[in-house]
Amino acid sequence: MSNAVETLLPGREPGLLIGGDWTEASDRIEVIDPATEDTLAEVAAAGEEEATAAVDAASAAAPEWAATAPRERGEVLRRAFEMMIDQAEALAELIVLENGKAFADALGEVRYGAEFLRWFSEEAARVGGENRTAPAGDKTILTRAEPVGICVLITPWNFPAAMATRKVGPALAAGCTTVLKPASDTPLTALALGDILRKAGAPPGVVNVIPARGSSGVVEHVLADPRVRKVSFTGSTEVGRHLMEVAARRILRSSMELGGNAPFIVFADADIDAAIDGAMIAKMRNGGEACTAANRFLVEAPVAERFTKALAERMGGLRMGPGIDRANQLGPMINERSRRGIADLVEAAVDRGAAVAVGGGIPDRVGYFYPATVLADVDPGDPILSTEIFGPVAPVVPFASEAEAIALANDTEYGLISYLYSGDMGKALRVAEALEAGMVGINRGLVSDPGAPFGGVKQSGVGREGGREGILEYLETKYIAVSW
């Protein structure tokens, strides 16, 4: 095992974390380093028996944890935040090894992910209720917020730390116990975080981590358990639809953060240099493997050529290589299937007339690398514009008017995030209101913040994570009618 694995999960091939103890399983998952294609570690893979044991542990811990003082729950999260920051470089190295992203991206993720623990450590003590006289004057209306119960949390491979803390943080703050099922491509980070929370004082059974194969099978088994009361999933819209169908059988509370197809709109009156800076963040953060990544660049015709040329120069200048080398800026894709899908999209767009301004083509080297690519003259009807690319590819489409830009931006089943650049703030706000998205960045290429609600509309999901809204997803409101 690597130094990072040994540092965070010392002396053993990682097992499952159930009831505060490390547990073995008969099946194991190989974790592959995307930069070398070598096996990094083998991790225990939960089956139905282990999954039930995790729910047993969460159920046993639930009454005491729900009754724990909010301040005490918050202090557990606060200590975990401090431990993540203290071990930030080791955690970042672990993310790089199993995910492939550049080290700077991984370190940024650790710090961002830790902030969710700090934010919800503070929100734990702010959960409130209401005391008011009924309109008829015949009684007092009391409301109180209570933990929803056992939560099954399913996280993706692209942000293995931040997506876990964004779910575990509010769940624990609300008084819920959890069963965390991380992506099989990146289970090591989740196991390390589970261990940090255990060491920070989370009682046995409050945080259980069970890597498993796929997002069905074990997950469906757990969601059928009558003790489970909520599921929170981040991943593809296709899988999200299926999980919502499964959750509907038991009327489970559901939070779904699903796919995206973010437009990045540049008006002719924008500061083009600032727009290029924002485009590099919105497109290339995490190598483009993000649901918030700019997927379509809609540029007003008078500046389209200038913008495309400048973006190609910046993207073409990125140093590609293993993320463990801190000088590299673009790491590999997560696996060969993902890389092949990106390459197929680019090849098909070129066949339909798009011009490659920079990049394109799978390089002849070890690892699942794909170069930063800019496509010019992309037809507005090209399928690449309706597909979540999830890689370092930027297709550019010129537009002629504000109305056309809005129509092109909204022409998708997704509605997670939109970006726009303009020197006219009145126009920018007008367009932002017209965009069908849960989040809009104006003259910014990054909007995610632990203190802000994250989520989309249409088929990009249900519910919000982060902000004051994030903890509400893990609470039920109880109304008590009182006469005194």
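Me: Is Ile251 buried or exposed in this predicted model?
Reply: Let's start with where to look: Ile251 is in the loop between helix H9 (237-248) and strand S11 (253-257). Its phi is near 55 degrees, which is a positive value in a residue other than glycine. The relative accessible area of Ile251 comes to 65%, and the cut-off for exposed is over 50%. So Ile251 is exposed.

Me: Which loop holds Glu37?
Reply: Here's another residue with a positive phi that isn't glycine: for Glu37 the angle is near 65 degrees. At 38% relative accessibility, Glu37 counts as partly exposed. Its place is the loop between strand S3 (27-32) and strand S4 (39-45).

Me: And Thr186, what does it touch, leaving out residues up to four places away in sequence?
Reply: Thr186 is also in a loop, between strand S8 (178-181) and helix H7 (187-199). With a relative accessible area of 1%, Thr186 is buried. Leaving out residues up to four places away in sequence, Thr186 touches Glu98, Asn99, Pro156, Trp157, Pro160 and Ile334.

Me: What is the C-alpha separation of Glu300 and Ala270?
Reply: Glu300 belongs to strand S13 (residues 294-300), and its relative accessible area of 16% makes it buried. Not counting residues up to four places away in sequence, Glu300 touches Val266, Phe267, Ala268, Phe399 and Ala400. Ala270 is 30 residues from Glu300 along the chain, and their C-alpha atoms are separated by 9.8 Å.

Me: How many residues apart in sequence are Thr477 and Pro147?
Reply: Thr477 is in strand S22 (residues 475-482) and is exposed, with a relative accessible area of 65%. Not counting residues up to four places away in sequence, Thr477 touches Thr143 and Arg144. In space, Thr477 and Pro147 are 8.9 Å apart, C-alpha to C-alpha, while in sequence the gap is 330 residues.

Me: Are H5 and H6 roughly parallel or roughly antiparallel?
Reply: The axes of helix H5 (residues 103-123) and helix H6 (residues 162-174) come within 8 Å and cross at roughly 5 degrees. Angles under 35 degrees count as roughly parallel. That makes the H5 and H6 pair roughly parallel.

Me: How do the residues of the contact of H5 with H6 divide?
Reply: On the H5 side, the contact has Glu109, Tyr112, Gly113, Phe116, Leu117 and Phe120. They meet Ala162, Thr165, Arg166, Gly169, Pro170 and Ala173 in H6. Sorted by kind, the residues of this contact divide into 7 nonpolar, 3 polar and 2 charged.

Me: What arc do the buried residues of H12 cover around the axis?
Reply: In H12, the buried residues are Ser338, Arg339, Ile342, Ala343, Leu345, Val346 and Ala349. They sit on the same side of H12, because around the axis they cover an arc of only 155 degrees.

Me: Which strands do those buried residues of H12 pack against?
Reply: Helix H12 (residues 336-351) has 16 residues and reaches 22 Å from its first C-alpha to its last, close to the 22 Å expected. The face turned away from its buried side carries the exposed residues Arg337 and Asp351. As for the buried residues of H12, they pack against strand S15 (373-376) and strand S16 (393-399).

Note on methods:
Residues numbered from 1 in each chain as written. Predicted model: local features only at pLDDT ≥ 70, side-chain atom pairs only at ≥ 80, totals over all residues. Heavy atoms only, no water. Axes fitted to C-alpha atoms, helices over the stretch in contact; angles between N-to-C directions. Helix = DSSP H or I, 4+ residues; strand = E, 2+ residues; numbered from the N terminus. Parallel < 35°, antiparallel > 145°, perpendicular 65-115°, else oblique. Contact = heavy atoms within 4.5 Å. Nonpolar A, V, L, I, M, F, W, Y, C, P; charged D, E, K, R; others polar. Expected span 1.5 Å × (residues − 1). Buried < 20%, exposed > 50% of the residue type's maximum accessible area, 1.4 Å probe, protein only. Arc of directions from axis to C-beta.
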